[in-house]
Amino acid sequence: MSVVKDVPKQLLINGQWVDAKSGKTFEVPNPATGEAVAAVADGGAEDARSAIRSAHEAFKSWSRTSPIERSRYLEKAFKLMSDRRDELGQLITFENGKPVEEAKKEVAFAVGYFDWFAGEARRIYGELIPSNVATRRLWMIRQPVGVVAAITPWNFPATMITRKIAPALAAGCTVVLKPAEQTPLTALAIAKILQDVGLPPGVLNVVTNLYPEEIGQEFLVNPLVRKVAFTGSTEVGKLLMRGAADQLKRVSLELGGNAPFIVFEDADFDAAVEGAVGIKYLRVAGQSCICANRIYVHESIADRFTQAFVEKVKAIKVGSGFEPDVIVGPLINKDTLDKVSGLVQAAVKQGAKVATGGGPLKEGAFAKGYFYAPTVLLNVTDDMGVSREEIFGPVAPILTFQTEQEVVERANKTNYGLASYLFTKDLGRVFRIAEALEYGLVGVNDAAGYTHETPFGGFKESGLGREGGKEGIDEYTEVKSIVVNLPK
Ligand code: NAD
């Protein structure tokens, strides 16, 4: 537990670690055992106001630093966070539950955003625009948007933070971060890294708290906040967007998903099975926004696919993230466990068949945690809750299809539009389907998700704006046009 001991447990405001004004703290449970790992400061609206003020003050100088100077801080953060990868990985396992090897991989991916945006900081180009008048000059520049309020979820407690703060800092913005109440320790450890590399006071502030509404509200009503960058559920995203409307704050929203995973009869069979298992179970026990939610298999290979898939799922080891060889850890909390159980029970009532798993694990070492058996459901239809809703657990519904047109229509029949996958060797089909899928990400013969270099974000109710790629930094800038009449 020394990795936990070393993490600050207070709020970070203007470069100082401070208690919440109320003096309150809240406990962070380990989802594998239900036991408290640590207690951290429980901030409120007043703390958020101080943090916003400090970010506003710091913006005055930070926004005027040169891109290369900002870039150097991010490079140093990349180096130090990489050095602390193992400790951070363990911290994530303590509060999030994911297996420690997976957690370390997350940290390795999360630091990549410091690396990527250290480069992009130096490429925030403007444009010299050809003028309509001979004696007039036109140009466009990009400037930092101002104070950014960042709200992040628990499922990727490191990546969801670096994917926001790296581009924000690179662009010259200052930040107040409110991490998820389930995973504040990772956020505080990342903030400590930025402090250790000498980031000036107030450029990054962190306000942890147990009940997010109060701080969320302050972010929305405080005129010093110019942008809200959010990752989380579609429900809360909509609420924030409505709230941001009053002051027309900029918003970027990375929300829920309901990813179709389509396997054609000509697919590389082993790669498709491997990919489906990976994207369903190997990412936080299925609690990821880009997890396969509906697996559509061409009817001619459905039996063979199901058999191979189920065999692999049966071999998955479930347990505490610190146990060797564990692939699926606990779900984050009881609500999530109950939601997943409810979706499976309802599907079974409507005629779905459980091929493996099918319920929570409660005996022995599982007794105190929130464990759910890796589950495969057959005879699933599009109208069942497991197909319509984001499952957010280790449950794979398998559906079958006959034609290309039919499967595209079914895949698109959802309000979500984040990630989608398709496995085929037919090049014409690759283009037809990749273009027809209404999703921000299409993985073709690829289920690894996205990379730092690609813009990531959702169509429809999966979000607004993009993170990563060169587009990721645009979200933190305002475009200014400058029109100059030359003196006669
Ligand atoms: P959530 O919306 O409940 O919480 C996310 C964050 O919002 C947390 O920090 C929480 O404290 C905060 N929050 C909750 N209510 C709030 C309010 N009223 N005002 C201000 N802040 C509030 O989501 P969750 O259950 O923690 O995360 C899972 C969801 O996030 C899933 O839907 C998942 O798909 C989505 N997600 C999306 C992406 C993406 O990149 N699109 C990535 C990860 C997770």
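The model is predicted, so local features need pLDDT of at least 70 and side-chain atom pairs count only at pLDDT 80 or more, whereas totals for chains, interfaces and linings use all residues. Residues are numbered from 1 along each chain as its sequence is written, and side-chain values use heavy atoms, with hydrogens and water left out.

The chain is assigned two domains: domain 1 covers 2-255 + 462-482, and domain 2 covers 259-451. Such bounds come from an automatic or database domain assignment. Taken over C-alpha atoms, the centres of domain 1 and domain 2 are 30 Å apart. Domain 1 and domain 2 each bring 29 residues to the contact, where contact means heavy atoms within 4.5 Å.

Between domain 1 and domain 2 about 2100 Å² is buried, and carbon and sulfur atoms give 61% of this area. Buried area is the accessible area (1.4 Å probe) that two parts lose on being put together, summed over both. On the side of domain 1, the residues that lose the most area to domain 2 are Pro31, Trp154 and Ser462, together 24% of what that side buries.

Which kinds of polar interaction cross the interface of domain 1 and domain 2? The rule finds zero salt bridges there, a salt bridge being a side-chain nitrogen of Lys or Arg within 4 Å of a carboxyl oxygen of Asp or Glu. Seven residue pairs, both at pLDDT 80 or more, are in polar contact across this interface. A polar contact is a pair of N or O atoms within 3.5 Å; within protein, one must be able to donate a hydrogen and the other to accept it, and residues adjacent in sequence count only if both atoms are side-chain atoms.

The ligand has 30 residues around it, of which Thr152, Trp154, Glu181, Ser233 and Glu390 come nearest; a residue counts if one of its heavy atoms lies within 4 Å. An N or O atom in the side chain of Lys178 is 2.9 Å from an oxygen atom of the ligand. A polar backbone atom of Gly232 is 3.2 Å from a ligand oxygen atom, and a backbone N or O atom of Leu255 lies 2.8 Å from a ligand nitrogen atom.

In total, the structure holds 28 salt bridges. One of them joins the side chains of Glu75 and Arg72 (3.1 Å, N to O).
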